[in-house]
Structures are given as structure tokens and as C-alpha cells.
Amino acid sequence: MSEPIRFSGSLPGGVVPPPASAPRPPWLDRLAETVRDAPPEMFSRFRPPQEGGRESAVLILVGPNDSAGQDVLLIERAHDMRSHAGQVAFPGGSLDPQDGGDAVAAALREATEETGLDPAGIEVVTVLPQLFVPPSGFVVTPVLGWWADPTPVRAADPREIAEVVLVPVSHLAEPANRHTVVHHTGFRGAAFEVPPLVVWGFTAGLLAGVLDLAGLSRPWDESDERTLPERFARGSRYQRGAPR
């Protein structure tokens, strides 16, 4: 059985990860090795354009949990945003001038602004291939990090973030928690049940690729198709053929 999912709003002061007491799991280093030769199509069907696109970065942050496993840090976007309202994502955003064109700096800065974490406790493991998100025009660099020294996190900017969520990797790898989501535009892609949330779209595609390359994926029923609930589809700009 998976360890519990922890939400910032259910705990006083936010989510408090356990003290650092575990070494970096071998699967993270295995992932860092295999991703070097992995085609971007492992994560998305779209390659970045040769010119244009909004440079951005996201942080895929993995840390220890109390059950001798690992958690992944996710955020739920505020429900009243004009786009992507209520959707689950990795912390991240556009590169700003102060980032100096450095995607790692941008991912850490955005994660700090959104969740209040202390970036000093994060070991950058590797950088994944750049990916393109056609609905928003973002060229995204995913940054994989190990939370060597975890600190409390919360929805630091309620205007943008409704919740900060720690999801066990074991929960994401459990076949019963995976299905194929169907958007009303015709988009179909991998999805994860993180009750009461559904992780889908670009974020689910990244998670699926990470699990595959890390050797953590288990066979799941890809024919199990479910319509995306309206609360998660509201405000999305996904169109037919968007990233997995």
C-alpha cells in the first residue's frame, strides 16, 4: 500500500518533510545515466522550435519520506487563474533576467517563490532534454533534483498556488493509480490519480518518462480511458495533439 499523500493545507505551517536521513536512491543516479541517451519523445511528442518559444524550467524534486521511500514535490495551481486553473504541475516558470539564461537557477528560484523551500538543501542530479508545450509556447527544461536537506514547504503565493503536495513515488508507480485521460478536445495521454487530484498533460508525461527511465514503471492498463473531470479541464489550453 502506498504511503499517504500530504497536502500543505492539511498541516499547520505547510508540509514538513522528514529530516535528511537517507542517501540518494540508486534509481535517481540510474535515471541520470539513462536520460543522457533518451530521446525527447520519451517525454513529449513535440520538439522545441529552432527559433522562438518562451524559455522556462521546472523542478522535478525528489526527497525522502517517513516510510523509507521517496516523495515527489508537486503544486496545485490556484483555482481562479485564467489558464491552467486547478491543474497539478511541477514548480517552475519562465526564465527571468536574474537567472542569466540558466535553467537550473530559474527552476530553483521559481520553486522557492512558489513553495518557500530552501534551495540550499537541493542537489541537482541532472537536466532533462528541452521539451515544447504548444498550447503555451513554452520551451521547458526539466531539472531533476534530490532533496538532500528537506525544509518545510507551503503555498507561498496563494494567488498562484492552492496547495503544495508531496506524492510518494510508490503511489505514482502503482498500476491502480494510472489510467489514460481523455480531454474534450481529443487529447489522450497518461494520467495519475492523486486523490482528490488528477495529474495529466505535460506533468503526467514527464512523470511517466521518469518512471520508465528509472526502471520503476510497472505494467498498467493503458486501455482504461477516463474523461478528464471538468474541474481539471477548466482553463486549460490543450488542443488536439498536445504533449503526452
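**A chat about the fold**

Guide: Happy to! The chain has five helices and 13 strands; helices (H or I, at least four residues) and strands (E, at least two) are DSSP runs, numbered from the N terminus. This is a predicted model, where local features need pLDDT of at least 70, side-chain atom pairs count only at pLDDT 80 or more, and totals for chains, interfaces and linings use all residues. Residues are numbered from 1 along each chain as its sequence is written, and side-chain values use heavy atoms, with hydrogens and water left out.

Visitor: What share of the residues in the chain is buried?

Guide: Buried residues account for 56% of the 244 in the chain. Buried means under 20% relative accessible area, exposed over 50%, and partly exposed in between (1.4 Å probe, protein chains only).

Visitor: And what does the accessible surface come to?

Guide: About 10700 Å², with 51% of that belonging to carbon and sulfur atoms. The areas come from the Shrake-Rupley method with a 1.4 Å probe, and for residues, only the protein chains shown count as cover.

Visitor: What about contacts between residues at least 6 apart in sequence: what percentage join residues at least 24 apart?

Guide: That comes to 72% of them. A contact here means heavy atoms within 4.5 Å.

Visitor: Let's look at strands. Which ones does β2 pair with?

Guide: β2 (54-64) runs parallel to strand β8 (residues 138-147), with nine bridges joining them. Three bridges link β2 to strand β5 (residues 92-94) in the antiparallel sense, and β2 also pairs antiparallel with β3 over three bridges. Two strands count as paired if DSSP finds at least two bridges between them.

Visitor: How many residues of β2 are buried?

Guide: Nine of its 11, so β2 is mostly covered.

Visitor: What happens between β2 and β3?

Guide: A68 is found in that loop. The hairpin of β2 and β3 has five residues between the strands, and A68 takes a positive phi near 65 degrees there. That is a positive value in a residue other than glycine.

Visitor: Is A68 buried or exposed?

Guide: A68 counts as exposed, because its relative accessibility is 74%.

Visitor: Which strands pair with β9?

Guide: Strand β3 (residues 70-77) runs antiparallel to β9, joined by seven bridges, and E76 stands opposite E163 in that pairing. Strand β1 (residues 6-7) also pairs with β9 in the antiparallel sense, over two bridges; R6 stands opposite L166 there.

Visitor: New topic: how many cavities of 30 Å³ or more are there?

Guide: The count is one, and about 50 Å³ of space lies in the largest cavity. On a 1 Å grid over the protein atoms alone, a cavity is a set of points where a 1.4 Å probe fits but cannot get out, and lining residues have an atom within 4 Å of a point. Grid points are joined across faces, edges and corners, and a volume is the space filled by probe spheres set on the points.

Visitor: Which residues line the largest cavity?

Guide: W27, I60, V62, V72, V169, L172, L207, V210 and L211. β2, α3 (169-173) and α4 (201-214) each supply at least two residues of this lining, and α4 gives the largest share, three residues.

Visitor: Where is W27 found, and what does it touch?

Guide: W27 is found in helix α1 (residues 26-34) and is buried, with a relative accessible area of 9%. Not counting residues up to four places away in sequence, W27 touches V62, Q70, V169, V210, A214 and L216. W27 and A214 are 187 residues apart in sequence but 5.4 Å apart in space, C-alpha to C-alpha.

Methods:
1 Å grid on protein atoms, 1.4 Å probe; cavity = no way out; pocket = protein on both sides within 12 Å on 5 of 7 lines; lining within 4 Å.
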